[in-house]
Amino acid sequence: MSAPVLSTPGAPAASRGPRWRDRRTRTLTSLVVAGLLVLAVAVVGTLVTGPAGATDLAERHRAPSLDHLFGTDAYGRDLLWRTLVGLRLSLVVGTVAAVMSGAIALVLALVAVAGGRVGAAVVDWLVDLFLALPHLVLLILLAFALGGGTQAVVLAVGLTHWPRLTRVLVAKARETTGADYVQISRALGRSRLHVARHHLAPHLLPHFSVGVVLMFPHAILHEAALSFLGLGIDPGQPAIGILLSDSMRSLSAGHWWLAALPGLALLVVVKLVDRIGDDLRLLVDPRSAHL
């Protein structure tokens, strides 16, 4: 009779290694595929800017077919090309707005931690104030006050999406301030500014990058909402919100593709960017995964 095999304390850790490598490989693969798809949308949207504006009244309001996969609009313009150009505009606006909002969050997080009690109180008050305001109403008011247009949308979105990321970065920064190397730096007489620049900021950059990517889908959707309401990108541009707004006049005539297909394309791009953000978060902080 053979002796029973006893499990050792090191066995779970040893078996966890291959599982983590497999999970990391899947995450990297998902990240690369999603990133390439989003990049392809941006590149193709840039290349078809000319064809997207070509009109052909003989082809107006054509249903989706092999010649026009997304159909055509009231002026005979290919809706697929116009959707791709609109998605490229959304990606550009979303990128600028998300980076702006992330930069605000990073600066405020450093102020909250390195600025002592006064800095923390001011930042907490600002975060609570912006979170208490209705988000979409604040966006509309800012876009209207800034006169509408692409620049107004970027500023409105960028100035309103930082509060939640600020809270995350403040929490991460406060964890870092308790580290031994930060305490040693302070004991050596380093200033708060030095600690913030050389210790806190480098530690927050990975979380800042993930936060910006996760903020990106919200920026795209809010840009489309403002354009739909007429406060966003110039109506002459084929932004997704403008395409959806124009489609409202033709839905009663049965031209469903004018709203359904651009909206579906926007949803797919938003989900791809959201997937990129989730994958980056898993790579930066593997503990966030449910093991």
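## Annotated segments

Over residues 28-48 the chain is 95% helix and 0% strand, with end C-alpha atoms 30 Å apart; helices (H or I, at least four residues) and strands (E, at least two) are DSSP runs, numbered from the N terminus. Residues 133-159 are 74% helix and 0% strand, and here the end C-alpha atoms lie 13 Å apart. An unreviewed UniProt entry places the feature "transmembrane region" at residues 28-48, 133-159 and 254-273. UniProt positions follow the numbering used here, feature names are shortened, and annotations may be inferred rather than shown by experiment.

The model is predicted: local features need pLDDT of at least 70, side-chain atom pairs count only at pLDDT 80 or more, and totals for chains, interfaces and linings use all residues. Residues are numbered from 1 along each chain as its sequence is written, and side-chain values use heavy atoms, with hydrogens and water left out.

## Overall fold

The protein has 11 helices and 0 strands. Of its 291 residues, 42% count as buried (under 20% relative accessible area; exposed is over 50%, partly exposed in between; 1.4 Å probe, protein chains only).

Residues 24 or more positions apart account for 70% of the contacts with a separation of 6 or more, a contact being heavy atoms within 4.5 Å. The accessible surface comes to about 15,900 Å², of which 66% belongs to carbon and sulfur atoms (Shrake-Rupley method, 1.4 Å probe; for residues, only the protein chains shown count as cover).

## Helix α5

Helix α5 spans residues 135-145, and its buried residues are L138, L139 and A143. Seen down the axis of α5, these fall within an arc of 125°, so they line one face of the helix; the arc is that of the directions from the helix axis to the C-beta atoms. L141, F144 and A145 are exposed on the other side of α5. After α5 comes G147, with a positive phi near 90°.

## Nonpolar cores

The largest nonpolar core has 57 residues, and L87, L91, L169, L204 and L266 have the most contacts inside it. Such a core is a set of buried Ala, Val, Leu, Ile, Met, Phe, Trp, Tyr and Cys residues joined through side-chain atoms within 4.5 Å. Elements giving two or more residues to this core include α1 (10-47), α9 (192-228) and α11 (257-284). The most comes from α3, with 15 residues.

Leaving aside neighbours within four places in sequence, L266 is in contact with L87, I220, L221, A224 and I240. A second, separate core of 15 residues includes A143, V157, L226 and A239.
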